[in-house]
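Me: Could you take me through a few of the labels used for this model? I would like to see each one set against its cut-off.
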Amino acid sequence: MFGKRAETTGTALKAPPEVEKEIAKSMEPTAAPRPEGSSNNRSEPSEEYYETKATIFNALFETIDVTALAGMQPDKARDEIRTIVDEIIAIRNVRLSVAEQNQLITEICDDILGYGPLEPLLARDDIADIMVNGARHVFIETGGKMQKTNIRFRDNTQLMNICQRIVSQVGRRVDEASPICDARLLDGSRVNVIAPPLAIDGPALTIRKFKKDSLRLADLVNFKSISPAGARVLEIIGACQCNIIISGGTGSGKTTLLNCLTSFIHPDERIITCEDSAELQLQQPHVVRLETRPPNLEGKGKVTMTDLVKNCLRMRPERIIVGEVRGPEAFDLLQAMNTGHDGSMGTLHANSPREALSRVESMITMGGFSLPAKTIREMITGSVDIIVQAARLRDGSRRITHITEVIGMEGEVIVTQDLLTYEMDGEDANGNIIGEHKSTGIARPVFWDRARYFNLERELAQALEEAGS
């Protein structure tokens, strides 16, 4: 027990009054009714419901000891809160239906122990992104489509307190002195917070959620992101230690695809991952996960992606996986790919395989490496074997649009060839895009010898033949 229940005897273990007052203020529930036409299927609570919730919430904070509550297990704390709220409802003779009472208790527990109004969204596995634009505007992406929800915060102060609670779990902070922060939730979901004065209309919170069960390549086939034959080609590419770059736009499924390809890495291989925010879900037993670190308040202690990739080379890796290549670390990744770390992988933002190669060249140039363009391109062709292009189409669906092989150089131009492409044939009556993955007719790609080294040449030939049929 962490406090005196309403109308019971005994001495309550009370926190300091100023602490309870501040916490109660930051967690006080919103009293405004939710708008019509939201994406939530629950019936809209009445104004009286919100008034009752506020009354019970305030009575609860007069009863509990916040300090003792913080030291309890979440499940036990929820049970204790439920018990006390039930007693408050009975003593005050509050009339609520069973559904309303359960909903009220759940919302109060979320406000005290969780992330407040965000908890129902975080619990849904069909949501890909949660975007909070100030206290009054919360959007989600589900099924590739953007929707506005009926979720509201009391004010920007409550939203800011929840942002602080999220980033504090990974030892970060966000305030006026440090208004930008990247963090992650306990389930691996990626979080970005930008606070005033940079965000004019209140704190902007963006959460990139990840499914509890990571997707497999077979799931992408079921979603028609790739054909069965194309999936088999990707499986062989991942198994025969080709160096792979996955490119695509924002929300195109690059990280999901990277997770799928890493599932074909042999369990005996030592894998080291480098990420800005740890989100990869590798299943192999021998994995070392590294994460960058921002500078502290004194501007010291920053660890960049370049630092991590360089350090990887001293850790006896067999494969290096870079979550996202954004800058000078592209040079170190190419060096690793070309010096015995076959099968390394990384993602980057680009709209086509050709643009992906140009971006790698640009990132190396911006890193201050004074190398001739031809030398950089020769390094790229000597390191990168395959580019897998992902895209989110206008109907919200995600497709693998190209599996492209890097062949070599002709003069100062990098030569590539497509093994598999996605061709759109139109759209149906519901606006869904119709198309199919087609082989370009390449029977023996350049990595054929590598596939033969791993005894996979027959499977590769069969997959390419099926893709073309």
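Reply: Happy to! Thr347 touches Ile246, Lys254, Leu258, Val322, Gly323, Glu324 and Val325, leaving aside residues up to four places away in sequence; contact means heavy atoms within 4.5 Å. This is a predicted model, where local features need pLDDT of at least 70, side-chain atom pairs count only at pLDDT 80 or more, and totals for chains, interfaces and linings use all residues. Residues are numbered from 1 along each chain as its sequence is written, and side-chain values use heavy atoms, without hydrogens and water.

Me: Why is Thr347 called buried?

Reply: Its relative accessible area is 1%. Buried means under 20%, exposed over 50% and partly exposed in between (1.4 Å probe, protein chains only), so Thr347 counts as buried.

Me: What makes α9 and α16 roughly antiparallel?

Reply: The axes of α9 (residues 228–239) and α16 (residues 457–468) cross at roughly 150° and come within 8 Å. Angles under 35 degrees count as roughly parallel, over 145 as roughly antiparallel, 65 to 115 as roughly perpendicular and the rest as oblique. The pair is therefore roughly antiparallel. On the α9 side the contact is made by Ala229, Arg232, Val233 and Ile236, and on the α16 side by Glu459, Leu460, Ala463, Leu464, Glu466 and Ala467.

Me: And why are α12 and α14 called oblique?

Reply: Helix α12 (residues 329–337) packs on helix α14 (residues 373–383) at about 50°, with axes 8 Å apart. That angle belongs to the rest in the scheme above, so α12 and α14 are oblique to each other.

How values were computed
Axes are lines fitted to C-alpha atoms, for helices over the stretch in contact, and angles run from 0 to 180 degrees between N-to-C directions. Helices (H or I, at least four residues) and strands (E, at least two) are DSSP runs, numbered from the N terminus.
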